[in-house]
Amino acid sequence: MMRFLYDLGILIYGLLLRVFALFNAKAKLLVDGRDGLVQHIEQSVEKGQQYIWFHFASLGEFEQGRSVMEQIKSRHPKEKIIVTFFSPSGYEIRKNSPLADHVFYLPADTASNARRFIDIINPKLAIFTKYEYWYHYFKELDKRKIRLLMISAIFRENQVFFKQYGGFFRSILKKVSYFFTQNTESVNMLKWIGITKAGLAGDTRFDRVVELPKEHKLIPEAQTFAGTEDILVAGSTWPADEALLKVLVENNKDLKAIIAPHEIHKDHIDAMLKLFPHALLFSKFNTYTDQQIAASRQLIIDNIGMLSSLYHYGRMAYIGGGFGAGIHNTLEAATYGMPVIFGPKYEKFQEAIDLMEIGAGFSISNEQELQDVYNALCISEKLVQASIAAKNYVQQRSGATQIIMKYLETEKLLG
């Protein structure tokens, strides 16, 4: 019965996606990307070639797998890599990644798609990240005895896998050859449902973000705007975040902020310019006079791809998403030694919990709480302590990639 309901859910999701595509740009990208997808993949890949298949839900998960791909490319350059994405936000930004020989959307998880896709790409190994569990793909890999690894896996007690009625979903987990988990609790939870092929490795994102301060790109516009002042960098913000930031900047005339919204379509940027009427726009920065730049206290970033380098210019960070589905990437800011502020929906993110425990992360729910945290961080001693704690946290947790690489090489899964 659950298998029937799962397949029905996949079908209904596909139909609803086509409806949403009529008025939603992201849904349209996914629908357009999947049209004729399997045929496109078949025409693109080299017949007879074996690939290592990496799958990511979106851009954040790509960053978790990035360090592993980099190590494979560096230490085993003859290996070929195929990357698939579920989300348009991952595919559109990384579709030309030099780490992959091919990048595709993942065809919908049906039995026929799974068989045909795996026939075409002929994977020698599949590596999924964090929480993408697809019944038909996992079943087909298991049937063909193709090793399937889950990296940076993390589990919580309230997930369906651990419910009395979660037998079907537990059966999906049991198709995984080995879990590399972010924490010990996840290893123990898997053991509780009879899965013992799991071990603690940590979160591979730490291996990526620990390198960011050394690799950051120089952004002259941000440097000119920042000058010698302490900057708050607000990353991946949504309207609820921006409403709080508006009050903060109005109440603190000395505060200078760089704001990089999660969505950069015209309507959102226009709305932000109404919230921050004296803000500079990054795309027009070279048209402003020296007087305009000196007078402005906010810089709005209307492009994607530079946020991880923008943190270089800040002293504290506000991370968006905490009033919606969940906060965005806190580690990219923490690695620069920046205390991070975020909204109330952070409980699914272990790093946010950890950062709060060590005094480098701060959750806020309203304007006053944001003001209180800002006031506290304006005290030099508090800012220095939080900054050191944030940087040490990232540095001390790197190393997951080497654990995974040791497994791959010991098991002779790489050529």
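View 1. Buried here means under 20% relative accessible area, exposed over 50% and partly exposed in between (1.4 Å probe, protein chains only). Helices (H or I, at least four residues) and strands (E, at least two) are DSSP runs, numbered from the N terminus. This is a predicted model, where local features need pLDDT of at least 70 and side-chain atom pairs count only at pLDDT 80 or more, while totals for chains, interfaces and linings use all residues. Residues are numbered from 1 along each chain as its sequence is written, and side-chain values use heavy atoms, with hydrogens and water left out.

**View 2. Helix 1 against helix 7.** The axes of helix 1 (residues 2-20) and helix 7 (residues 135-143) come within 11 Å and cross at roughly 120°. Axes are lines fitted to C-alpha atoms, for helices over the stretch in contact, with angles running from 0 to 180 degrees between N-to-C directions. The pair is therefore oblique; under 35 degrees would be roughly parallel, over 145 roughly antiparallel, 65 to 115 roughly perpendicular, and the rest is oblique. On the helix 1 side, Arg3, Tyr6 and Asp7 meet Tyr135, His136 and Lys139 of helix 7, contact being heavy atoms within 4.5 Å. By type, that makes two nonpolar, one polar and three charged residues. Ala, Val, Leu, Ile, Met, Phe, Trp, Tyr, Cys and Pro count as nonpolar, Asp, Glu, Lys and Arg as charged, and the others, Gly among them, as polar.

**View 3. Lysines with positive phi.** Most residues other than glycine have a negative phi. Lys130, in the loop between strand 4 and helix 7, has a phi near 70°, and at 9% relative accessibility Lys130 is buried. Just after helix 7, Lys145 also takes a positive phi, of about 60°. Lys412 sits in the segment after helix 21 (400-410) with phi near 55°, and Lys412 is exposed, with a relative accessible area of 71%.

**View 4. Ser387 in helix 20.** Ser387 belongs to helix 20 (residues 380-396) and is buried, at 11% relative accessible area. A polar atom of the Ser387 side chain lies 3.1 Å from the backbone oxygen of Gly337. Beyond neighbours within four places in sequence, Ser387 touches Arg315, Gly337 and Pro339.

Conventions
Polar contact = N/O pair within 3.5 Å; in protein donor to acceptor, adjacent residues only side chain to side chain.
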